Amino acid sequence: MATATTTITPVPAFSDDLETTAPAGEDLYGFSRWSADLVRVLPNGNVGLCNPAVPDQIPTDLLAVVKSLQLRGIRSPILLRVADFLKYRIDRLNGAFTEAIDELEYRGTYQGVFPIKVNQQAQVVDRIIDYGRVHNFGLEVGSKAELLIALSHELGPKAAIICNGVKDESFLRLALMSQRLGFNTFIVLESPREVDLVLNIADEVNIRPRLGVRIKLTNTVSGNWARSSGDRSTFGMTVAQVMEVVEAMGERDYLDCLVLQHSHLGSQIGNILEIRQAVQEACRFYCELSAVGANLSYLDIGGGLGVDYTGEHAATANSVNYSLEEYAVNVVDTVKIVMDEHSIEHPTIVTESGRACVAHSSMLLFNIIDVTEFTSSTPVVAEADDHPYLASILEIEEYLSLERVQECWNDLAYYRGEIRQLFGVGRLSLKQAAKAERAHLYLLSLINDLLARNPASDVELPEGLDLTADIYHGNFSLFQSLPDIWAIDQLHPIAPIHRLNETPTRHAVISDMTCDSDGTIGRFVLADGIASTLPVHKVEPDEDYYLGVFFIGAYQETLGDLHNMFGDTNVVTIGLDGRGGFEVLHEQEGDTVAEVMSYVEYSPRGMLDRFKAIVERGVASGRLSPTDRRHMIASFKQSINGYTYFEGS
Ligand SMILES: Cc1ncc(COP(=O)(O)O)c(C=O)c1O
């Protein structure tokens with residue numbers, strides 16, 4: 001039988017009696033590689049939350065936060081936002097550009113904007129505006145609703161509102177009129193079609209608009225967002241279309257209003273060279289547009305600044321081969337070189353970095369509600385009338401050794417396949433098939449134990465062995481809270497938030513609460529690379545075992561859906577007090593069942609009435625007693641007013 005290998009990190013597995021040797025957490029899960037100094041393992045084995053802006057502060061114990069929230073009645077799953085992390089990232093982004101500008105003697109300034117689409121939650125946007133005020137940090141909006149959000153805030157005096165996306169007349173009118181209120185609003189034209197529409201309203205309301213053009217770069221990027229770049233990208237104008245716009249604006253005497261050039265390559269760009277090349281191309285456009293009379297002074301390079309989710313520091317889908325500081329230096333340097341070559345004044349550099357601002361500040365915390373193990377320590381006894389294939393499975397134990405492990409695995413897979421086939425065609429009894437399954441599980445467990453006891457051996461795990469990993473059933477919905485894991489194979493660091501000074505003795509895949517086979521996480525960031533199972537601790541009876549999924553502040557809340565009617569989780573924003581404690585800054589209760597019902601057109605009141613009528617018929621027919629009725633109605637009411645997630649007993 002042909003064999004292949006799978007690269008599972010050789011963690012001790014399937015043997016509860018393994019010695020618990022060196023503390024494993026930090027090394028195993030790679031905290032120091034991906035944590036960006038925001039989380040670390042504390043001496044007690046729990047995850048600590050740290051504020052890198054004030055490194056001397058005492059970290060806050062994350063498990064203590066969860067327990068304390070529980071005492072307040074805030075149950076798992078919890079989306080935890082740490083305000084300090086958000087502030088730290090905004091300060092760092094702005095600080096990186098300020099330093100790069102100083103260092104490179106760039107004569108323009110930097111003005112970032114946060115794209116609301118990346119996380120529209122009011123608590124998040126409010127804080128971004130608050131923390132960004134000193135930096136004149138603004139907002140990018142891509143729809144009328146997002147424009148309304150922007151206009152309902154007091155932004156910093158020079159902070160920009162960049163209006164992208166398709167705009168109708170009322171959007172444009174509002175955006176234009178907002179200039180009268182002192183907002184620094186820029187309307188970015190996405191197509192030549194928008195020119196007359198904007199200029200007609202500008203004429204009507206007598207406002208000289210601040211306009212931008214979105215250009216389509218020819219440079220492409222690799223990764224998940226490759227389609228946002230290059231000729232086939234959906235947004236932005238070709239050179240020919242841009243010229244059309246310039247001519248149309250010139251004819252109507254509005255060319256002086258064309259002050260901003262915008263481009264966006266896509267999100268999570270892993271390779272700094274691709275960013276540099278794109279910025280260079282954007283600068284070339286900028287110079288040419290200036291040469292034909294545009295009054296440009298803002299160069300908006302869009303989003304794309306990535307997050308190192310895996311800590312690989314490489315140009316892979318979930319990592320980046322540059323730091324935030326390198327990004328700023330590379331952007332500023334590239335702009336300066338091209339502008340100087342063409343003797344053009346250094347523009348104000350605008351970035352629309354969403355992911356890099358918010359990803360780090362949120363994490364999902366959930367408990368494990370059940371564990372399915374695929375192991376057996378019960379030997380299966382051979383009997384004279386066993387089918388020969390079953391006897392062959394049982395014989396494998398006799399020649400199982402480290403040297404012959406691959407052979408044993410191959411034989412086991414072969415005989416099991418044959419037995420299944422025989423059963424399928426009716427040539428093997430249910431009893432024999434069941435015995436073969438038990439024998440298979442027992443042998444698999446022996447193989448796993450052997451490999452776990454010899455983690456340093458160079459035996460590669462036979463393909464398929466990870467299929468025997470435990471399933472840890474988590475109290476969350478992948479589709480609601482972590483949609484990109486499902487949709488684009490996004491990797492987020494995942495680790496237990498406690499017991500990190502104990503060597504994990506199991507390995508598992510994580511399954512969510514939905515009854516969808518897609519609701520499973522089967523790729524994990526570990527110190528040694530990406531693994532198909534997560535090392536986990538054996539869940540003790542009555543223990544609440546918690547896992548954390550880190551860096552989920554970007555896009556996840558926005559894209560989540562109601563699959564299987566699991567609603568928004570409880571959301572808590574905390575501030576770290578620097579002395580190991582925390583303060584609850586805001587709490588948003590998760591959806592009740594009644595709330596998610598109403599999102600899908602049910603009336604909870606009407607449902608209760610209908611249920612009452614059905615139960616009443618049961619009483620009338622004698623199938624239920626009046627007391628049964630009372631209990632059933634009480635349960636119904638309790639459920640409909642409860643959390644959509646597992647609430648325990
Ligand atoms: C126009 C525009 N700007 C900015 C962003 C944010 O990108 P990122 O989160 O990579 O910074 C996006 C999202 O893809 C976008 O479409």
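**Ligand site, domains and cavities**

In the predicted model, a backbone N or O atom of Gly304 lies 2.9 Å from an oxygen atom of the ligand, polar contacts being pairs of N or O atoms within 3.5 Å. A polar backbone atom of Arg355 is likewise placed 2.9 Å from a ligand oxygen, and an N or O atom in the side chain of Ser267 is 2.6 Å from an oxygen atom of the ligand. The ligand taken alone exposes 400 Å², of which the protein buries 91% (Shrake-Rupley method, 1.4 Å probe). The ligand is surrounded by 16 residues, the closest being Ser267, Glu352, Gly354, Arg355 and Tyr555 (a heavy atom within 4 Å). This shell comprises three nonpolar, eight polar and five charged residues, with Gly counted as polar and Tyr as nonpolar.

The model is predicted, and local features need pLDDT of at least 70, side-chain atom pairs pLDDT 80 or more, while totals for chains, interfaces and linings use all residues. Residues are numbered from 1 along each chain, and side-chain values use heavy atoms, without hydrogens and water.

An automatic or database assignment gives domain 1 (25–82 + 362–370 + 469–588), domain 2 (108–353), domain 3 (388–453) and domain 4 (593–640). The C-alpha centres of domains 1 and 4 are 36 Å apart.

Three cavities of 30 Å³ or more are present (sets of points on a 1 Å grid over the protein atoms alone where a 1.4 Å probe fits but cannot get out; lining residues have an atom within 4 Å of a point).

Definitions and conventions. A polar contact is a pair of N or O atoms within 3.5 Å; within protein, one must be able to donate a hydrogen and the other to accept it, and residues adjacent in sequence count only if both atoms are side-chain atoms. On a 1 Å grid over the protein atoms alone, a cavity is a set of points where a 1.4 Å probe fits but cannot get out, and a pocket is an open set with protein on both sides within 12 Å along at least five of seven lines; lining residues have an atom within 4 Å of a point. Grid points are joined across faces, edges and corners, and a volume is the space filled by probe spheres set on the points.
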